[in-house]
Amino acid sequence: MDTDALTPGLLQELRATRPYPALSLTMPTHRRAPDNAQDAVRLRNLVAEAGNRLDADPRVTHEARSAVKAQLDRAVAEVDQRRALESLVILADADEYQIWQLPRTAPERVVLSDSYLTRNLVAAKAGAQLFWVLSLSAEHATLFSGTNDGLQSEPRNGFPLSAPHEEPNPQREERIGDTPSTYSSEDTRNFMRTVDDELRGVLAADPRPLFLVGLAPGLSLLDEVGESAKPAVSRVAKGTTADTTTPELAKELGPALRDWRKQTAARIQDRLDNAHSGRSFAGGLDEVWLAVREGRAGLVAVEEHFEQTVRVTDGHLEPVGPEVTPAADGQVREDIVDELVEAALDKGCEVAFVADDSLADHGRLAAVLRF
C-alpha cells in the first residue's frame with residue numbers, strides 16, 4: 001500500500017495490541033537501477049533474520065512461528081520492486097500481512113512485539129503533504145489523491161460519480177423555447193448535492209487540503225448546494241471530463257500546487273521566527289525531543305531529509321556515528337526523527353517538513369512551544 005492509504009482509522013488498527021508476535025520489517029529501497037539490484041538481497045537477508053529471531057524466541061509457540069513465517073513469505077512473494085520508493089515496510093502476524101512502499105527512507109529493522117511498528121508509516125505520511133483533488137463537471141466528479149510524487153485516482157465513497165443521463169425532450173424544449181442551462185437544471189443540482197455528500201464523507205474520514213478543478217459555474221453550484229467544498233485551498237477554473245488523464249490534470253494543477261507549497265512554507269517560517277523572537281522556541285534534536293515528550297510543542301518543523309542516529313542517555317539524545325548500531329548498543333535508535341514525528345502527532349502537535357538547509361542554524365529541526 002501507498003502512504004495515502006494510511007487513514008486515521010487504519011493507523012489506530014495497526015497500533016492495536018495483538019497476539020505476540022507481531023512482526024515489523026523495515027528497509028531502505030531504491031527506485032532505479034543499478035541501485036535497486038541490492039534490494040532483493042537486503043530483503044532476503046532480513047527475512048532470514050526474522051526467521052532466526054522467531055526460532056530463538058521462547059515466547060513464540062510452534063504454531064505461531066509457522067503462521068507468521070507463512071504470512072511473511074506471502075508478503076515477500078507479493079512485493080513489486082518496480083513500484084519501489086525510498087523504503088519498504090512489511091507487517092505480519094499469524095493472520096495477515098501488509099506491504100507498504102514509502103517515499104521516506106527507513107532503517108533496516110526486524111521488530112517482534114505485541115503491536116506493529118508504525119513510526120515510519122506516520123512520518124512518511126506527514127512528510128508526503130497529502131491532499132485531495134476533485135475534478136468536476138456537470139456530468140462527472142472524480143476524486144484524486146495527491147502526494148509529492150503525483151496524483152492517482154481514488155475510488156472511494158462512490159467516486160468517480162456520473163450524473164444520470166437524461167434523454168433530450170423535444171416537446172419540453174418547444175414549450176420552453178430553448179434548452180435549459182446545464183447548471184440551472186434541477187438534475188444537475190441534485191448531482192452536485194450527491195457530490196457534496198460523498199465529499200463530506202471523504203474529508204471527515206481523512207482530512208486533507210482540497211483542490212477543486214472545473215468550470216466556474218460548476219464550482220459555484222457545488223458551493224451553493226453544500227458546504228464540503230467551501231474550505232478548498234485552491235480552485236482551478238479549467239474544464240475537465242471523465243476522460244481527462246491524470247497527467248493532464250496534474251499539469252493544470254501545477255501552478256496552484258506550487259503556490260500552496262510556497263505559502264505553506266512561508267507560514268511555517270513566520271511562526272518559527274515569531275516563536276524565536278518571543279522565546280517560545282526550541283531548536284535541535286535534544287531540545288525538541290524533550291519538548292515533545294513533555295507535550296509542550298505545538299508545531300515541529302523538520303528538514304525533509306534529516307536523519308540522525310542517537311544514543312538515549314538519561315532521557316537525552318546523543319548523536320552517534322554510523323559505526324554504532326542498535327545490534328551493538330541497545331540504547332541506540334536509528335530512526336529517532338521518525339519516532340519523534342510520531343510522538344509529536346500522538347500528542348496533537350502539528351508537524352511540517354521543510355526544505356533541506358532551511359533550519360541549518362537550529363540543528364535541522366525546530367519547535368514552536370505552547371508554553
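Select lysine 69 first. In this predicted model, lysine 69 is partly exposed, at 27% relative accessibility. Aspartate 55 lies in helix α2 and lysine 69 in helix α3, so the pair ties together parts that are 14 residues apart in sequence. Aspartate 55 is partly exposed too: its relative accessible area is 42%.

**Along helix α3**

Next, select residues 62–78, which make up helix α3.

Which residues of α3 are buried? Colour Ala64, Arg65, Val68, Gln71, Leu72 and Ala75; these are the buried ones. Now look down the axis of α3. The buried residues fall within an arc of 135 degrees, so they line one face of the helix. An α-helix has 3.6 residues a turn, so residues three or four places apart point the same way.

Turn to the face of α3 pointing away from the buried side. Here sit the exposed residues His62, Glu63 and Ala77.

What covers the buried residues of α3? Show strands β1 (22–28), β2 (87–92) and β3 (97–102), then helix α2 (37–56). These elements are among the cover.

Select arginine 15 and glutamate 342. Their side chains meet in a salt bridge, 2.9 Å from N to O. The partners come from distant parts of the chain, 327 residues apart. Arginine 15 is in helix α1 (residues 8–15), and glutamate 342 is in helix α10 (residues 336–346).

Buried or exposed: what is glutamate 342? Glutamate 342 is buried, with a relative accessible area of 12%. Arginine 15 counts as partly exposed, at 30% relative accessibility. Arg15, Glu342 and Asp346 are linked in a network of salt bridges.

**Inside helix α6**

Move to helix α6, residues 186–205. Pick aspartate 196 and arginine 200. Their side chains form a salt bridge, 2.6 Å from N to O. The two are four residues apart in the helix, which means a separation of about one helical turn. Check each partner. Aspartate 196 is buried, with a relative accessible area of 2%. Arginine 200 counts as partly exposed, at 41%.

**Last stop**

Show the whole structure again. How many salt bridges does a search of the whole structure find? The search finds 29.

Conventions
Residues are numbered from 1 along each chain as its sequence is written. This is a predicted model: local features need pLDDT of at least 70, side-chain atom pairs count only at pLDDT 80 or more; totals for chains, interfaces and linings use all residues. Side-chain values use heavy atoms; hydrogens and water are left out. The expected span of a helix is 1.5 Å times one less than its number of residues. Buried means under 20% relative accessible area, exposed over 50%, partly exposed in between (1.4 Å probe, protein chains only). The arc is that of the directions from the helix axis to the C-beta atoms. Contact means heavy atoms within 4.5 Å. A salt bridge is a side-chain nitrogen of Lys or Arg within 4 Å of a carboxyl oxygen of Asp or Glu.
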